[in-house]
Amino acid sequence: MAKFRKEGGKKLPAISTASLPDIIFMLLFFFMTTTSMKETTLNIQMKLPEATELTKLEKKSLAKYIYIGVPKVQFQKTNGTEARIQLDDAFAKQPTEVGEYISIKRDAMNENDKNKMIVSLKVDKDTKMGIVTDVKQALRKAYALNIYYTATEETNKY
Amino acid sequence: MKKRQIQEINASSMADISFLLLIFFLVTTSMATDKGLSRTLPPPATNEEKKEDVEVNQRNIMLILVNSNDRLMVNGEMMDVNKLKDKAKEFIANPRNDENLPMKEKVNIPLLGGDCMVTTKHVISLQNDRGTSYQAYLKVQNELVAAYNELRDAKARDRFGRAFADLTKDEQDAVKDFYPQKISEAEPKNYGQVTGGAQ
């Protein structure tokens with residue numbers, strides 16, 4: 001019997017790492033395709049409101065973003081503690097600037113996509129509606145009528 | 001002739017390189033998909049349109065006011081947000097053909113079996129104060145959308161035996177025709193802040 005176990009002190013074969021690059025590449029491609037680069041850094045405090053009946057924003061390339069909220073602490077010295085509008089990286093001085101911003105963004109878009117533009121409003125949940133209404137009026141004037149109230153899924157309802 | 005062997009490229013660093021790329025994308029990724037409530041704003045108001053506004057019959061309007069304390073008033077009655085959905089559903093569907101609820105009209109929807117009685121003219125008018133918080137406003141919007149969604153889902157199950165989301169595009173459109181979504185966001189007004197002005 002012992003015959004068969006002659007080579008008792010067997011070494012464990014090294015695990016082949018040949019497939020490691022493939023696995024990593026797979027992961028890499030997954031992240032590459034799902035990634036969308038962050039375009040702006042938020043200068044305002046943002047806590048999105050909660051809602052349940054959400055729909056997904058289908059085409060992100062058609063979406064332009066407007067952020068509204070109270071400036072972050074480091075910007076409060078220069079911008080105050082009232083809710084402000086952030087367009088790209090800068091604060092808007094007044095709500096009417098939204099109109100110009102939208103028309104600039106629209107001009108930069110593809111001709112076919114121009115009337116499909118969606119304006120996504122990312123508004124802090126404690127913001128008063130006054131400033132939001134001003135923005136909405138400005139959007140109406142600029143004929144940017146497809147809007148999107150961005151919100152997060154409501155957790156533990158009931 | 002001497003046969004030269006082609007040297008294999010050393011691929012052991014491939015994993016490292018792709019790891020590096022992977023980590024880069026991991027860091028820059030923001031996976032959070034945007035979700036929210038989609039809305040279409042009315043085009044800018046002209047003077048002629050303002051006059052036509054008044055013509056809507058009283059029974060077809062559900063007026064929702066949200067004040068600066070985030071309190072609701074629906075057609076002159078105080079109401080809790082949680083009850084808004086049922087109220088809205090009753091208003092949109094008008095199941096008992098109530099005199100005070102929206103008028104129904106015949107609409108031909110082939111997929112739903114020909115003529116249907118639809119409250120075509122109903123309008124849910126949402127008005128808010130400048131001091132209303134965004135969360136409260138969105139909560140109201142959300143309840144209204146939920147009311148429509150539940151009605152449509154019920155109709156879809158009733159008619160097609162499937163959830164609204166599982167219907168085909170045509171069937172969905174048919175159900176949408178049966179319960180058209182009409183939420184109007186009125187011109188902004190000041191309630192309780194500035195005297196006068198508000199109707």
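The contact between the two chains takes 46 residues from chain A and 41 residues from chain B, where two residues are in contact if their C-beta atoms, placed from the backbone, lie within 7 Å. This is a predicted model, in which local features need pLDDT of at least 70, side-chain atom pairs count only at pLDDT 80 or more, and totals for chains, interfaces and linings use all residues. Residues are numbered from 1 along each chain as its sequence is written, while chains are lettered from A and ligands numbered from 1 in the order in which they are written.

Let's start on the side of chain A that touches chain B. The elements giving two or more residues to it are α1 (20–34), β2 (55–56), β6 (118–123), α4 (129–141) and β7 (146–150) of chain A; helices (H or I, at least four residues) and strands (E, at least two) are DSSP runs, numbered from the N terminus. With nine residues, α1(A) gives the most to this side.

Now follow the strands. An open sheet of seven strands, with mixed pairing, has the order β2(A)-β1(B)-β7(A)-β6(A)-β3(A)-β4(A)-β5(A); two strands pair if DSSP finds at least two bridges between them. At the edges are β2 and β5 (90–91) of chain A, each of which pairs on one side only. β2(A) pairs with strand β1 (residues 35–40) of chain B in the antiparallel sense over two bridges, and A:Thr55 stands opposite B:Gly36 there. By contrast, strand β3 (residues 63–69) of chain A runs parallel to β6(A), joined by six bridges. In β6(A), A:Lys122 is the bridge partner of A:Tyr67.

Which strands does α4(A) touch as it packs on the sheet? α4(A) touches β3, β4 (84–87), β6 and β7 of chain A, and its direction makes about 155° with that of β3(A). Axes are lines fitted to C-alpha atoms, for helices over the stretch in contact, and angles run from 0 to 180 degrees between N-to-C directions. Helix α4 (residues 134–160) of chain B packs on the sheet too, touching β6 and β7 of chain A together with β1 of chain B.

Back in α4(A), the buried residues include A:Met129, A:Val132 and A:Leu139; a residue is buried if 20 or more other C-beta atoms lie within 10 Å of its own, exposed if 12 or fewer, and partly exposed in between, with C-beta atoms placed from the backbone. Just after α4(A), A:Tyr143 takes a positive phi of about 55°.
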